[in-house]
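Me: I'd like to learn how to read the contacts between parts of a protein model. Could you walk me through one?

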2 protein chains.
Amino acid sequence: MRSIIRFPRPVSIYAHAAAVGGAEAEGPLGALFDYHDPTDRFGADTWEKSEESLSRTVLNLALVRAGESQDGIDLLFSGDLQNQCVASSAGCGSMGVPYVGLYGACSTCGEGLLLAALALNASRETSRAAVVTTSHNAAAERQFRLPLEYGGQRTPTSQWTATAGGAFLLARADESDVAPTSARITAGLVGRVLDSGVRDGANMGAAMAPAAADTLLRFFSAADETPADYDRIVTGDLGTEGSALLLELLRENGLDLAGRHRDCGVLLFDPLKADVHAGGSGCGCSASVLSALFLPALERGEIRRMLFIATGALMSPSNLMQGGTILGIAPLVVLESGVIGGDK
Amino acid sequence: MRSIIRFPRPVSIYAHAAAVGGAEAEGPLGALFDYHDPTDRFGADTWEKSEESLSRTVLNLALVRAGESQDGIDLLFSGDLQNQCVASSAGCGSMGVPYVGLYGACSTCGEGLLLAALALNASRETSRAAVVTTSHNAAAERQFRLPLEYGGQRTPTSQWTATAGGAFLLARADESDVAPTSARITAGLVGRVLDSGVRDGANMGAAMAPAAADTLLRFFSAADETPADYDRIVTGDLGTEGSALLLELLRENGLDLAGRHRDCGVLLFDPLKADVHAGGSGCGCSASVLSALFLPALERGEIRRMLFIATGALMSPSNLMQGGTILGIAPLVVLESGVIGGDK
């Protein structure tokens, strides 16, 4: 019960793309993204509509990479941080592909990959699925905290919502037209909602780290494996604060990630150049870093196996005002290189 | 491509429950619900927290009916209308079951049933799944429109967000401990996001009817069946306005539902007693009516086969203020009676 889902038919991520805003393009991974807009506007006249445009752009980039059109995609899984996830439904959702709307906050990328792999395993009629997720700094900050124009002082634990999006196209790995070098999803573990009593909207890392720890402890307890079986153990957007908490929580429970841990929120920005405090966050943070950095490493065989634990803080401003807390969740997928005998 | 998903292993809804507020309990289906709170408060001190409580209550009711605890459930699919779907994550999500957050507005019940059936078909490790969805009139009205205390005049096309929730427990139909009289999900069709240019937040029926028509036309085009193959064709919450539009759109496209159509939003309230205008709406509307009225009819064999088309208006107030429209979506599931030779 509640054990790891091992997909009978592994699923390949046969194409993917990442698009980012200006600050992200100036970061250490800048050269790896498929597209960036230095103005963060993506051709639209409000920040919210900019994110809609980003959502369509990043799916189109992945489709172009695959040499396909949206008409070839059977199912689209998508979500974002805007209320009613409208950047997704009015963004990539407007392209006519049968649509499954998700709400997993910054964990949406992991949630979507897991559900897409389930759908491709369950249904003969589904042969191609897409996962798209985005976030936009200016749209998120004014919805969840304050408009950027206020120039509010940010605390050291606060994170910087990334203006970024990732799109992933998936198919069953054993189908003849899927490149064998594509990275594969072979297993997954659905996250549990964790309440750690955090009420500080400027400390998402603390709200998410216990959920990531819960998922990793459940995974290694059920898998009969150790962190040494994975070249990388990658969390979504815990940032520096949440990453330190995660490692501490795991050590207290006898699990040492032994230098294998990386966090997309820490990787996205250069702390000496960008004033992002504890690192990046947002649905698009882990999605863009997965697409730009980790999937290519899996495709080249530089990483043979990795865990991707997307992390979400399900923060509701109205719930916080009524005395609620910031709930965390962290779905996990196992990613494996399709390159046989790939070296570490 | 994009055809109907036919589940290799049909999935049974082996237990379910519906809980509602005061106005819903006074409606024509009042005696059929498992639980109601005439104060709409469900023991909480804000409307938003009342919905959280309703979410937990309705899942517990279904678990009690099944004689199970939440520890036996492998996966929980849930969503609601509150921003960040917090009534679900802080409600039933707080019960420790691995959690998949959905955003499908009022279509969430259909979306969740479809995904749960996919998960039960894809994964040996998943043997029990739950779907929970809720809405609360007072929480929804003040988030999407105006606080009820303002006493704003409502237009004839407006609908009344139901204070209601439904919970469904699912397992593979061929497992030995599943009662053969349970209703089965045998197929499904994922909805597409439809933009019909509607900008009136008091006319959700008009925003959803084209999406329901799109799904039904795609279904009958792919299924090589006619409405006569189904005893009932049930939409979620189109209300009187949206139902009339649906039938008109279908007739224009050569499809006549021939008296088989019912709408949960029309059924929930008595228009002579409750001042609900065009009918009920909200995630909990179709969920509670499905659980209280249609699933029992399937279990008794009074309905042999039916289509359940949940309908969602993905309305975003901020998007509307920026000139956007109200997008519609309508996922479909095929429900069949488990009673062999059941009479119409």
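Reply: Happy to; we will go through the chain interface, the domains and the nonpolar core of this predicted model.

Me: How many residues of chain A are in contact with chain B?

Reply: In general, the size of an interface is often given as the accessible area lost when the parts come together. Here we count residues instead: 52 of chain A are in contact with 52 of chain B. On the chain A side, the elements giving two or more residues include β1 (5–21), α2 (47–66) and β15 (327–329). The most comes from α4(A), with six residues.

Me: What classes of residue make up that side of chain A?

Reply: It divides into 22 nonpolar, 21 polar and nine charged residues.

Me: Which domains does chain A have?

Reply: The assignment gives domain 1 (5–172) and domain 2 (183–336). Their centres, taken over C-alpha atoms, are 17 Å apart. Across this boundary, 52 residues of domain 1 of chain A are in contact with 58 of domain 2 of chain A. On the domain 1 side, β1(A) gives the largest share, 11 residues. That side has 27 nonpolar, 18 polar and seven charged residues.

Me: And the core: which residues have the most contacts inside the largest one?

Reply: In soluble globular proteins, nonpolar side chains tend to be buried together. The largest nonpolar core here has 251 residues, and those with the most contacts inside it are A:Ala130, A:Leu170, B:Ala130 and B:Leu170. Leaving aside neighbours within four places in sequence, A:Ala130 is in contact with residues including A:Leu59, A:Ile73, A:Val97 and A:Phe168.

Notes. Residues numbered from 1 in each chain as written. Chains lettered and ligands numbered in written order. Predicted model: local features only at pLDDT ≥ 70, side-chain atom pairs only at ≥ 80, totals over all residues. Contact = placed C-beta atoms within 7 Å. Helix = DSSP H or I, 4+ residues; strand = E, 2+ residues; numbered from the N terminus. Nonpolar A, V, L, I, M, F, W, Y, C, P; charged D, E, K, R; others polar. Core = buried A, V, L, I, M, F, W, Y, C linked by C-beta atoms within 7 Å. Buried ≥ 20, exposed ≤ 12 C-beta atoms within 10 Å, placed from the backbone. Domains from an automatic or database assignment.
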